[in-house]
Amino acid sequence: MFCVCKEHVELAIDKFVDEYEDAPDIVDLVTTKFTEWEAPATCDMCQSIAEYLVV
């Protein structure tokens, strides 16, 4: 699972496919809220705002 900014979505997808050999689901964190989990504020790969969840 990766929480990433728009710039790193493709890299996160590539890493996910390499690791799990399956296509990920991509969730827009700007429009989606979870009751049991709070998304990190920053991208896993830089300090930008995390906009997407690749899972």
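Q: Why does F16 count as buried?
A: In this predicted model, F16 has a relative accessibility of 10%, and because buried means under 20% relative accessible area, F16 counts as buried.

Q: What makes the pair of F16 and Y20 tilted?
A: The two rings lie 4.7 Å centre to centre, with 45 degrees between the planes; since planes under 30 degrees apart count as stacked and those over 60 as edge-to-face, with the rest tilted, the pair is called tilted.

Q: How are F16 and Y20 placed in helix α1?
A: F16 and Y20 are four residues apart in helix α1, which spans residues 9-20, and so they are separated by about one helical turn.

Q: How do you know that the rings of F34 and W37 are edge-to-face?
A: Their centres are 5.4 Å apart, which is within the 6.5 Å needed for a pair, and their planes stand at 75 degrees, over the 60 that edge-to-face requires, so the pair takes that name. F34, with a relative accessible area of 38%, is partly exposed, and W37, at 30% relative accessibility, also counts as partly exposed.

Q: What makes E19 exposed?
A: The relative accessible area of E19 is 52%, and because exposed means over 50%, E19 is exposed.

Definitions and conventions
Residues are numbered from 1 along each chain as its sequence is written. This is a predicted model: local features need pLDDT of at least 70, side-chain atom pairs count only at pLDDT 80 or more; totals for chains, interfaces and linings use all residues. Side-chain values use heavy atoms; hydrogens and water are left out. Rings of Phe, Tyr and Trp (its six-membered ring) pair if their centres lie within 6.5 Å; planes under 30 degrees apart count as stacked, over 60 as edge-to-face and the rest as tilted. Helices (H or I, at least four residues) and strands (E, at least two) are DSSP runs, numbered from the N terminus. Buried means under 20% relative accessible area, exposed over 50%, partly exposed in between (1.4 Å probe, protein chains only).
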